[in-house]
Every structure is written in structure tokens, then in C-alpha cells.
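Hi,

Here is the structure I promised to pass on.

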Amino acid sequence: MTSPIHVYSEIGKLKTVMLHRPGKELENLSPEILNRMLIDDIPYLKIAQEEHDYFAKTLQDQGIHVLYLEDLLAESLVAVKTRTAFIDRLLEESGIKKKDPLHQLLLEYLLAMKPETMVKQVIAGIKKSEIKNVEPSLADLAEDADYPFYLDPMPNVYFTRDQQAAIGNGMTINRMTFRARRRESLFMKTILQNHPNFKDQDIPIWRDRNVHGRIEGGDELVLNKHVLAIGISQRTSAVAITDLAHALFGHSTFDTILAIKIPHNHAMMHLDTVFTMINYDQFTVHPFILSKSGKIDIYVLQPDKDGEVKITPKNDLVEVLKEYLHLSEIDLIPTGGADPIAAPREQWNDGSNTLAIAPGEVVTYDRNYVSNDLLRKHGILVHEVRSSELSRGRGGPRCMSCPLVREDIEEAKNEIFTKRFSR
Ligand SMILES: NC(=O)NCCC[C@H](N)C(=O)O
């Protein structure tokens, strides 16, 4: 069998992708917890599911094999022993320690379910009203009497880009920044360890979830088999990037990381909310991250001759991309056409967050019509998907997809391989 993980570019023809169809976790949102849950509004589940099914079908219609995280996880948890260990860990990470009697009650509650039901339940969260015969703790009585959950919902799981990322033939299993999302990366860890299609494949884990330093997949872009772009962002720290450089250099095909420093705020939480690669020489970029003269802080990490990581500061995005991708021209396509209103509006609704499914071919949200028209003018083939409800979670098509296998691309060598689609 060929490796189940093979991602050496952002744009190679997408073969296999992992999604999560949003479920009851979106209905377990209430205004009081929205902010902490990193969501800006409550999506209407029925429509969000329809939109997500449309997204999956758009990919399938292009011959892409769609896997669902929830199915892979359930298939990894067939053995009772594995299921018990998984639930134990999840409860611990949800703050319900083993010595707490509630731990045993919840364990029994979840173990009584079929694996696929159990997986959906842990993502949806567990309400206090679902569990009978609980002796209230001091916290239940004195502090959290009105708090409705024992296990918080995980409304961000449908952003499967972030919990993990495929780089080459390996993965990073991410230590995520905020508590609201930290448990999510336990899912892929469990899949890699237990799923029959993954467990004996010697898949390198470049960085695991229990190490120091925060990183999320929205910041991890594989530009080609040598070069990564990684955001230094609200969600990814310089420590994690340095650590990843040490793990990759000399142990993989990758020898260059372009660490790009972006503003640290919710609208631009990851690099892929402001910058994505869509062709050999074409990129979307939110114009507001660049200074008037097109500058942004970039730190180029490469191995030196002593096996250490050397850092070269730069600040011209176009020049850096030309130099490290060996291209003579770069086409940066501004979100919202760089209009002072349309650009921030469409960036907020993930107009920069394109999912490339082949060189020069992308999936985008339909609501970002200014950006989409501009992409077409630049010769990009655009597949639009519906976005009224999904966009309320503050992520777009790239955020909602975790590529596992892409076809390799030809390497550019000072010439442009660009294929332009006529409108
Ligand atoms: N790659 C991405 O930009 N993912 C979007 C994540 C949105 C989610 N509400 C979050 O704040 O983590």
C-alpha cells in the first residue's frame, strides 16, 4: 500500500482529504460561551450540514477521496481497551480527573455507546442533564451550579486543518493554543496509533501534541518539497517553529522554513486566513498585512553546516517567494481587490482562505464574490461553495480540510509552469 500521508505541496492534485461534518456541537453553543469557544455566531446546524455536504460533494465530483475524521476515529476505537484508554485521556484533558467519581460515571456512559455514536457525543459535549445519580461536587454546588456541561462541546472540529497537518510523509499533531481546541488533536493521535490503515505505516510525527510550544495547521503551508511557509501568529509560536525546523532538517526533504509574522488577532488567527498558495507562482494575500511598500517580517530558517538552524531576516514577500521558489515572477492576488471595504469584509469571511485542489484550481466561499471574480481574472479556476452558516465559525475551505495525499508537482526552476484557465 502507498503511504496514507503524502503532501509535498499546497497545490498538487488533491487525492485524499479529511473533513468533519459539523454535528450537535454547533447546537450546544450559547451566547455566554461563544467567545471562549472561538466562534462569532451560532451557525444554523441544518443549513451548515447542507453546506458542508455541498463542499464534500464539490471535492468528490473532482475525483477527491473524502474521509471523515469521525469515521476514522470510530474505526480506531473498536477494541474496548483502546476505547477505554481514549475516554480516560479525554476526560482527564477535560478536567475530570480519575479520582473524581464523575470520571467513572462518564466512562460507563460513553462505553455503553457504539464507537460512532460515542465519537459524535464527545464532540457534541455532555450536558449535566444527561447523567443521572451524580453526587454534586463542591464546584458543582458553589461555583458552577448553572453551567450546563460536564464536557464542553467542540464546535471547531470542522476546521480539520488545524488539529494536525501533513508535511511530506509525516504529520504534526498539534498542541493548540486555546483550551477550547486543545483536546481536538487527541483524535488524529488516536487514529495514527490505532487505525488499521495508519498504525503500521511508520508515519513520522514531526512534532507531537504534548511538547512545549504552540502550533496549528492553519499556519503550516507546504510550498514545495523543500520549502514551508509558517505563520508566527496568534496560534503558532516561534518556539514551535524552531523546534519543527530541527525535526525536519536532515530528516526529510524540507530544508527551508519561511516564518512569516502576521498580526496577532482573531480575524487573522492563522497564516492561511491572509495568505494561500494557489498556483506555482500565484498566491492570495490580504493586502492589509503588508506595509505600503509591500513589506512584512519574514525569517528564513535553514540548516547551517554545523547542523544548527540559521536565521536570515527578510521583509519583501515577493522577493522572498521568488528567491526560495526559484521563480522569476510572482502574482499576488489581493483579497477583495484591495478595496478599503471589500478587502477586510471578504477577509473576515475567509476570502483569502482558498483550498487549492490542483495548480490554478481552487475551492472558495461563494459570498466572497469580489475576490472570486479577481481570481478568475487572474486565470484561476474557481469552484464556489455555499457559505452562509459555515463562515460563522471564522474559517474557509482551506480551514475545513486536511489534505492527506496530494500528487507531486513538477519543480519550478527559474521558469513559470503556470497553467492559466480561460474565463
Ligand atoms: N485555519 C484556520 O484559519 N482555521 C479557522 C479556525 C476557526 C476557529 N473558530 C478558531 O478560532 O480556531
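The lining of the largest pocket draws at least two residues from each of helix H4 (80–93), helix H5 (101–111), helix H7 (138–142), strand S4 (149–151) and helix H8 (179–182). (Helices are DSSP runs of H or I with at least four residues, strands are runs of E with at least two, and both are numbered from the N terminus.) This is a predicted model, so local features need pLDDT of at least 70 and side-chain atom pairs count only at pLDDT 80 or more, while totals for chains, interfaces and linings use all residues. Residues are numbered from 1 along each chain as its sequence is written, and side-chain values use heavy atoms, with hydrogens and water left out.

Back to that pocket: its volume is about 850 Å³, and 35 residues line it, with Ser94, Gly95, Ile96, Tyr150 and Arg179 nearest its centre. Its lining has 15 nonpolar, 6 polar and 14 charged residues. (Ala, Val, Leu, Ile, Met, Phe, Trp, Tyr, Cys and Pro count as nonpolar, Asp, Glu, Lys and Arg as charged, and the others, Gly among them, as polar.)

On terms: using a 1 Å grid over the protein atoms alone, a cavity is a set of points where a 1.4 Å probe fits but cannot get out, and a pocket is an open set with protein on both sides within 12 Å along at least five of seven lines; lining residues have an atom within 4 Å of a point. Points are joined across faces, edges and corners, and a volume is the space filled by probe spheres set on them.

The whole structure has 4 cavities of 30 Å³ or more. The largest cavity comes to about 110 Å³, and Val7, Arg161, Ala166, Arg398 and Pro403 are nearest its centre among 14 lining residues. The second largest cavity has about 90 Å³. Its 13 lining residues include Phe159, Arg181, Met269, Gly393 and Arg394, the closest to its centre.

So where is the ligand? It takes up the space of the second largest cavity (the test is that more than half of its atoms lie within 2 Å of the grid points). Of the 16 residues around the ligand, Leu38, Asn156, Arg235, His270 and Cys399 come nearest, where "around" means a heavy atom within 4 Å. Ligand nitrogen atoms have polar contacts (N or O pairs within 3.5 Å) with the side chains of Asn156 at 2.7 Å, Asp162 at 2.8 Å and Asp272 at 3.1 Å. Alone, the ligand exposes 350 Å², and the protein buries 100% of that (Shrake-Rupley, 1.4 Å probe).

Cheers

Methods. Polar contact = N/O pair within 3.5 Å; in protein donor to acceptor, adjacent residues only side chain to side chain.
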